[in-house]
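Here are a few exercises to work through with the model open beside you. Try each one before reading its solution.

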Amino acid sequence: MSVRAWTFLFVGLTFGLYLFIAWRARVRDTKGFYVAGQGVPASANGMATAADWMSAASFISMAGLISFMGYAGGVYLMGWTGGYVLLALLLAPYLRKFGHFTVPDFIGDRYASNAARLVAVVCALFVSFTYVAGQMRGVGVVFSRFLEVDINIGVVIGMAIVFVYATLGGMKGITWTQVAQYWVLITAFLIPAIAISIKLTGNPLPQLGLGSQLADGGMYLLDKLDQIHTDLGFKAYTDTFGGTWSQANVFLVALALMAGTAGLPHVIVRFYTVKNVKAARWSAFWALLFISFLYLTAPATAAFARYYMIDSLQGKTEAELPTWFENWSKTGLILWLDDGDGALRYSNGADNEVFRFAAGKVFVDGESVPLPTITAGHQQWVTSKGSEGKDWRPLMREAGLSGPDRDIIVLATPEMAELFSWIIALVAAGGLAAALSTASGLLLVISSSVAHDLYFRVLNPKATEKQRLLVGRAVIGVAVIVAGLFGIFPPGFVSQVVAFAFGLAAASFFPAIVLGIFSKRVGTVPAVSGMVVGLSFTAFYIIACVYGGMSPWTFGVFEQGVSPQGIGVIGMLLNAGVTLGLTYAFPPPSQEVQDLVDSVREPEGDSPAVEIETAPEH
């Protein structure tokens with residue numbers, strides 16, 4: 001069977017499984033729709049949390065970033081796993097004891113203010129839509145290559161599947177679907193990593209294969225990568241803190257990812273779905289264990305991919321190019337723009353001939369240039385030896401499109417290593433599982449933020465269960481369309497976009513939640529002011545740097561400008577500073593709120609977790 005046939009088989013079977021689970025787990029009340037009836041076992045919730053959190057960024061893009069960044073790429077491993085330690089220790093058990101549906105619900109009741117609730121709703125929507133953009137981009141990448149359909153059609157198919165199982169089953173359906181998606185994605189990630197490790201180094205454990213000699217008895221893999229990188233003008237693969245990734249930026253991005261993980265609404269809400277506080281703690285343990293299977297393998301996958309990619313391309317003529325390159329070049333995510341000598345050259349210099357295409361990035365006379373114009377025009381330039389057509393390499397370099405798209409690395413690696421067709425197809429199914437599992441969780445956060453926190457808690461407190469479910473499902477429909485537009489017009493690499501979402505979460509939610517749990521003195525005005533300042537500053541900085549051409553600021557402290565991916569730390573500090581600075585200028589919370597905070601901080605066993613129906617304002 002061909003790769004395409006295997007892909008149709010695996011994708012069809014997994015999509016059918018997801019829809020079957022959603023149908024069996026369909027719900028008819030808001031408690032089931034938003035928190036799965038609070039009856040999910042800790043281990044199953046851990047799997048669902050792992051799938052919810054290991055998005056397209058983790059599965060598709062993280063290893064690609066490490067592959068290109070080398071040592072500095074470890075910032076994503078440290079940040080995204082370290083955040084779970086913060087979440088397990090500082091937030092999860094306390095939030096479960098509050099017994100609320102959503103993060104804005106907690107913010108609104110803890111700070112006894114609908115204004116605080118509305119600010120939290122805006123923050124949740126901002127973070128969730130930023131995050132879901134990366135997921136839909138991942139869905140489009142998989143469909144465009146493996147099913148050979150237009151990337152826009154692929155995004156629409158993914159939208160339809162998510163819409164069906166998110167609206168049918170709500171959190172209950174999503175939870176059990178994510179359990180299935182975890183096993184699909186982890187199997188799809190580990191099998192090719194083990195197979196490639198055996199083929200390349202003779203070692204069945206990818207983590208050991210990373211530090212092993214190549215199977216031909218020559219150099220160690222990492223030494224070989226260092227040599228290749230320096231020969232091609234890149235910094236050595238294992239070099240620390242190079243280029244734009246200074247030590248300060250690595251620290252700031254890691255911390256932003258950690259605090260962002262602990263403040264992400266779609267991750268936090270998973271701890272409302274278990275039975276009690278003890279189960280919430282165990283959920284965090286199981287989630288981190290299940291996540292570690294992928295995260296401890298990603299650096300090896302990244303190194304294997306980097307070696308195979310360069311080794312299979314460098315110096316090759318058109319007739320010698322591998323099949324994987326021909327397949328992926330159809331998507332525009334990797335291109336060869338020859339200088340006329342007929343031999344492909346990939347480097348970090350002006351002689352580089354490997355590029356990628358991104359819609360809306362290359363302009364001539366103020367108009368965006370489509371991919372066919374670039375490829376046809378450049379081929380004409382090569383064929384005519386410069387007398388006709390156009391050399392597009394300078395414009396592609398100017399647009400920042402040198403090198404292949406990072407998001408193809410994990411998906412293309414099995415093809416680079418010439419593994420069996422069914423393994424290549426399994427990776428495609430795993431990438432879709434990773435993207436769709438997170439997208440469904442984010443859509444539910446968007447739905448609950450509007451339908452529960454805005455519609456029910458502010459606009460129509462007398463709404464019936466039927467009305468609330470109808471609004472919740474309608475909001476998912478609208479959110480799916482917006483998410484699809486993000487997938488069709490993606491703002492960047494999957495991991496890059498997702499990292500922005502983590503920075504926004506760190507700058508908005510993290511201080512408000514931590515201070516809301518551990519300080520009885522912080523009141524409404526300080527908390528709302530802090531969230532507004534943190535979110536506004538961080539959003540401004542990211543948009544200005546990424547889309548407005550602003551140079552990153554050094555703040556008079558750092559040698560290099562702070563990366564937009566790490567600015568969430570500065571926003572978080574501003575949030576905390578404004579909140580604490582205003583705290584003693586405003587009255588403390590009411591005695592009822594202070595008593596609620598005390599009860600949440602009591603040790604396990606002294607008081608039960610609050611039931612949603614009996615929580616404040618219910």
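**Exercise 1.** Decide whether Ile409 counts as buried or exposed, and find what surrounds this residue.

*Solution.* This is a predicted model, so begin with the computed accessibility. Buried means under 20% relative accessible area. Ile409 has 0% relative accessibility, so this residue counts as buried. Next, place Ile409 in the fold: the residue is found in helix α18, which covers residues 409-416. Now look for partners, skipping neighbours within four places in sequence: Ile409 is in contact with Gly64, Ser67, Phe68, Ala305 and Met309.

**Exercise 2.** Work out how helices α4 and α7 cross, and which residues make the contact.

*Solution.* Two packed helices are described by the angle between their axes and the distance between the axes. Take α4 (residues 56-69) and α7 (residues 114-146): their axes come within 9 Å and cross at roughly 65°. Angles from 65 to 115 degrees count as roughly perpendicular, so α4 is roughly perpendicular to α7. The crossing is left-handed. On the α4 side, the contact is made by Ala56, Ala57 and Ile60; α7 brings Gly134, Gln135, Gly138 and Val142. Sort these contact residues by type and you get four nonpolar, three polar and no charged.

**Exercise 3.** Find how many residues of helix α6 are buried, then look just past the helix.

*Solution.* Go through residues 103-110: eight of the eight are buried, so α6 is largely enclosed by the rest of the structure. Among them are Asp105, Asp109 and Arg110. Just after α6, Ala112 takes a positive phi of about 45°.

Technical notes: Residues numbered from 1 in each chain as written. Predicted model: local features only at pLDDT ≥ 70, side-chain atom pairs only at ≥ 80, totals over all residues. Heavy atoms only, no water. Axes fitted to C-alpha atoms, helices over the stretch in contact; angles between N-to-C directions. Helix = DSSP H or I, 4+ residues; strand = E, 2+ residues; numbered from the N terminus. Parallel < 35°, antiparallel > 145°, perpendicular 65-115°, else oblique. Left-handed = near helix turned anticlockwise from the far one by under 90°. Contact = heavy atoms within 4.5 Å. Nonpolar A, V, L, I, M, F, W, Y, C, P; charged D, E, K, R; others polar. Buried < 20%, exposed > 50% of the residue type's maximum accessible area, 1.4 Å probe, protein only.
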